[in-house]
Amino acid sequence: MTTRRDLLAGVGVAALATPFPLRAFAQAKDSVVIGMTLEPPTLDPTSGAAQAIREVVLQNIFEGLVAMDRTGKIVPALAESWTVSPDGLTYTFKLRGNARFHDGTPFSARDVKFSFERAVAPDSTNAQRWIFTPIAAIEAQDPLTVVIKLKQPTANFVYGLAWGDAIIVSPATAADNKTKPVGTGPFKFARWNRGDRLEFERNAEYWGPKPALAKAVFRFIGDPQAQVAALRAGDIDAFTNLSAPEAIPQLKADPKLKVTLGKTEGETILAINNAKAPFSDVRVRQAIALVLDRKTIALGVYGFDLDYIGSHFSPLHPAYVDLTGTYPVDIAKAKSLLAAAGFPNGFSCTLRLPPPAYARRGGEIIAALLAQIGINASIEPLEFPQWLERVFRGKDFDLTVIAHTEPLDIGNYARDDYYFQYKNPEFKALMARIDVTIDETERNKLYGEAQRMLARDAVNGFLFILPKLTVTKADLEGMWTDWPLPLTPLAEVRWR
Amino acid sequence: MTAYLLRRLLALAATLLGAALVIFLVLEILPGDPAAVTLGLNAAPEALAALRTEMGLDRPAPVRFLTWIGGLLTGDLGLSYTYRVPVTQLIGERMMVTLPLAAMAILLAMAIGIPLGAVAAAHHNRPGDAAVMVFAQAGLAIPNFWFGLLLVLVFSVGTGWLPAGGFPGWSTGLVPAFKALLLPAIALALPQAAILARVTRAAMLETMQEDYVRTARAKGVSRRRTMLRHVLRNALIPVVTILGLQFSVLIAGAIIIENVFTLPGLGRLVFQSIAQHDLIVVKDLVMLFCTLVVLINFLVELLYGVIDPRLRQAD
């Protein structure tokens with residue numbers, strides 16, 4: 001006798017037996033669907049600061065003279081090798097002879113000169129001009145040699161060239177890169193259904209090792225629940241950075257999926273307006289540092305432990321110094337510091353919060369922690385454009401929570417006009433020394449000193465590094481799980 | 001009739017101009033610089049100034065308003081701040097998702113709601129009526145984004161029959177596109193169907209009290225025929241009115257549902273452009289929605305005449 005359950009089971013097996021293995025097989029061979037939270041507004045990293053642009057195109061479509069590998073090391077890319085003159089002022093780059101743009105044009109020294117001069121032109125909207133401002137002159141000595149002269153020794157010059165803002169573009173196609181990017185990378189642009197997906201295909205003419213994938217699709221899924229559903233339904237093969245930390249235990253329990261908690265360069269801080277009383281008093285800032293229980297904040301926002309920081313520096317960088325023990329939680333000491341600063345009963349202030357969960361949820365917890373010593377922080381949620389206008393540009397704030405996602409951005413503490421207005425001449429002098437220190441060991445020592453200075457002055461409340469929550473199918477290999485730069489290079493991604 | 005139409009059209013134009021002015025002023029007051037949003041935390045002042053010029057933000061407000069209105073009239077909606085492509089192209093692409101989705105949702109809602117309402121009215125105060133009313137209550141009470149997630153859990157994660165979201169594009173064929181739209185259309189249709197069922201039931205119950213219904217029954221017309229020819233047809237006026245009003249609810253619902261299902265439709269475009277401070281797209285879209293709502297209300301009024309010949313003559 002055939003019961004209804006048998007019938008249903010039969011249907012289920014039939015459904016599984018026919019379309020699915022075929023589909024799985026086709027995917028297992030050479031294509032991948034990768035989920036991302038935000039869609040890039042354009043595909044040209046030289047036209048805007050959006051992280052999503054770099055995340056999809058850098059090292060896939062576009063390349064720079066140098067690249068950053070998954071461990072944060074600078075490696076050759078379009079430049080095979082380079083030498084620096086003893087005075088640190090002249091860089092000579094030997095270029096690859098076999099690199100071509102996707103439209104067939106051979107890559108040459110003239111493209112390098114064009115790209116870097118374009119970045120500092122008056123009408124340029126390049127978001128990171130600092131990379132190029134040290135340049136005094138660029139000379140295309142021969143088709144495969146570029147000589148760059150600097151105005152002064154600049155320690156992080158080559159480091160900046162690995163950023164998406166320093167990609168090499170072709171004069172013929174640069175204007176259309178926003179919608180039809182043409183680069184030299186291992187993948188070519190195929191099509192873009194705005195709002196849904198972006199498709200790349202393998203560049204068979206690539207100068208380096210040919211990628212294993214013939215096709216890669218990026219899909220943009222903003223809603224955290226929808227991200228989890230797409231992963232569990234098998235619609236996508238990987239998610240670069242999941243926005244639903246609460247779903248991690250559930251996804252970890254799924255044998256078909258692999259979950260990795262990685263590090264980023266995103267220093268998440270309770271930013272303090274150092275120019276405004278009472279925060280201009282170092283004792284008040286230290287009192288705040290003494291109540292910021294990082295673990296409580298991390299557990300409240302993410303539900304698991306994170307990589308905590310005690311200064312403005314990422315553990316991904318070799319110069320990192322662990323300063324998380326500088327201000328161990330001590331309510332009594334915090335209260336006495338506040339009393340010494342003239343606020344035995346605390347005071348009231350505002351805490352302006354941008355939309356991300358780490359800020360909104362984290363802000364609630366921070367307000368509760370501050371209340372322990374009588375600091376009554378009233379929370380004001382802001383949308384991101386308003387946050388940029390009022391807090392970041394207008395410096396109209398007491399406290400705010402934000403993640404600084406750009407790598408190696410400790411130099412911002414030397415900018416007097418930067419929104420938290422640290423204004424310490426000693427620190428500025430130190431950063432100026434770092435900028436001209438070419439020797440890496442020596443420079444890293446100075447970076448350590450800079451980190452200690454910021455920790456000692458409790459410039460901001462240093463909390464944690466934003467985690468990268470990578471979820472992939474168990475048999476997919478080669479995805480980046482740390483973000484020394486927020487990228488998703490696909491050249492090494494393959495199915496097992 | 002012509003004079004009436006002309007008057008209505010003039011009123012329509014005045015409404016739209018007023019709406020345009022309000023939209024422009026509100027977005028003008030909103031703090032935040034689109035150029036700063038694009039260039040981020042490290043941007044140099046020169047780069048910001050260059051981008052503002054490129055976006056046309058360095059011109060005075062009245063000039064920008066007139067340019068915008070002039071563009072709207074000639075079909076040029078400007079260039080999106082974030083995507084840097086013509087807004088008409090963006091909206092065109094997104095319409096190809098939202099219009100079929102809305103049409104599917106409305107058809108589903110009608111196909112479910114009106115018969116259920118009719119059944120309830122025909123079985124007034126009997127179990128069938130109670131069952132429909134329970135469905136209508138539930139349909140109204142369940143938030144559609146939650147219902148959408150539930151559908152995904154059952155039909156995508158559970159059975160794997162339908163995709164959990166996304167839209168492959170019409171170029172991949174009708175079947176995959178239709179499959180991608182089915183769950184969101186059901187999620188959008190449920191509350192609409194519930195409202196339609198209630199309105200149909202109420203309108204029919206009221207119509208059933210009319211003298212002509214009693215007359216029809218008295219002259220020997222069957223109960224079934226009376227319900228269909230006399231009661232349902234007369235009851236359709238409030239139903240059509242509600243359908244017209246529901247259009248704006250449908251658009252609001254689409255904003256949420258398109259996000260739950262990550263569909264590249266107009267609703268998601270509204271959401272994204274607000275988040276990215278792409279004010280020109282926000283302006284154009286709000287204006288588009290205003291125009292659609294005003295036009296649909298206008299069409300609904302014209303439809304009354306089709307349904308009820310008496311209204312045609314009264315004019």
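Predicted model: local features only at pLDDT ≥ 70, side-chain atom pairs only at ≥ 80, totals over all residues.
What is the mean pLDDT of chain A, and what share of its residues reach 70 or more? The mean is 91, and 94% of the residues in chain A get to 70 or more; pLDDT is the predictor's confidence in each residue, from 0 to 100. Over residues 1-27 of chain A, though, the pLDDT is below 50, and beyond near neighbours in sequence this stretch has 2 contacts in the model. A contact here means two residues whose C-beta atoms, placed from the backbone, lie within 7 Å.

Residues are numbered from 1 along each chain as its sequence is written, with chains lettered from A and ligands numbered from 1 in the order in which they are written.

**Chain B**

Chain B has 13 helices and 0 strands. Helices (H or I, at least four residues) and strands (E, at least two) are DSSP runs, numbered from the N terminus. The C-alpha trace of chain B spans about 85 × 60 × 35 Å along its principal axes. Of its 315 residues, 35% are buried. Buried means that 20 or more other C-beta atoms lie within 10 Å of a residue's own, exposed means 12 or fewer, and partly exposed is in between, with C-beta atoms placed from the backbone. Take the contacts in chain B between residues at least 6 apart in sequence: 71% of them join residues at least 24 apart.

Helix α12 of chain B (residues 279-307) has 29 residues, which should span 42 Å at 1.5 Å a residue, and its end C-alpha atoms are 41 Å apart, so the two agree. That expected span is 1.5 Å times one less than the number of residues. Among the buried residues of α12(B) are Leu279(B), Lys283(B) and Asp284(B). Their cover includes α1 (2-29), α2, α4 (61-74), α5 and α11 of chain B.

**Where the chains meet**

In chain B, 43 residues are in contact with 40 residues of chain A. On the chain B side, α2 (34-39), α3 (45-55), α5 (87-122), α7 (144-158), α10 (223-260) and α11 (266-275) each supply at least two residues. That side divides into 23 nonpolar, 14 polar and 6 charged residues. Here Ala, Val, Leu, Ile, Met, Phe, Trp, Tyr, Cys and Pro count as nonpolar, Asp, Glu, Lys and Arg as charged, and the others, Gly among them, as polar.

**Chain A details**

β6(A) pairs with β7(A) (residues 145-150) in the antiparallel sense over 6 bridges; two strands pair if DSSP finds at least two bridges between them. The two form a hairpin with 2 residues between them, and Ile135(A) has Leu150(A) as its bridge partner in β7(A).

Most residues other than glycine have a negative phi, and most peptide bonds are trans. A cis peptide bond joins Ala277(A) and Pro278(A), with omega about 0°. Pro278(A) sits in the loop between β13 (267-272) and α8 (282-291) of chain A.

| Residue | Phi | Other C-beta atoms within 10 Å |
|---|---|---|
| Gln421(A) | near 50° | 17, partly exposed |
| Lys423(A) | near 50° | 16, partly exposed |

Gln421(A) is in the loop between β16 (399-404) and α13 (425-436) of chain A, and Lys423(A) is found in the loop between β16 and α13 too.
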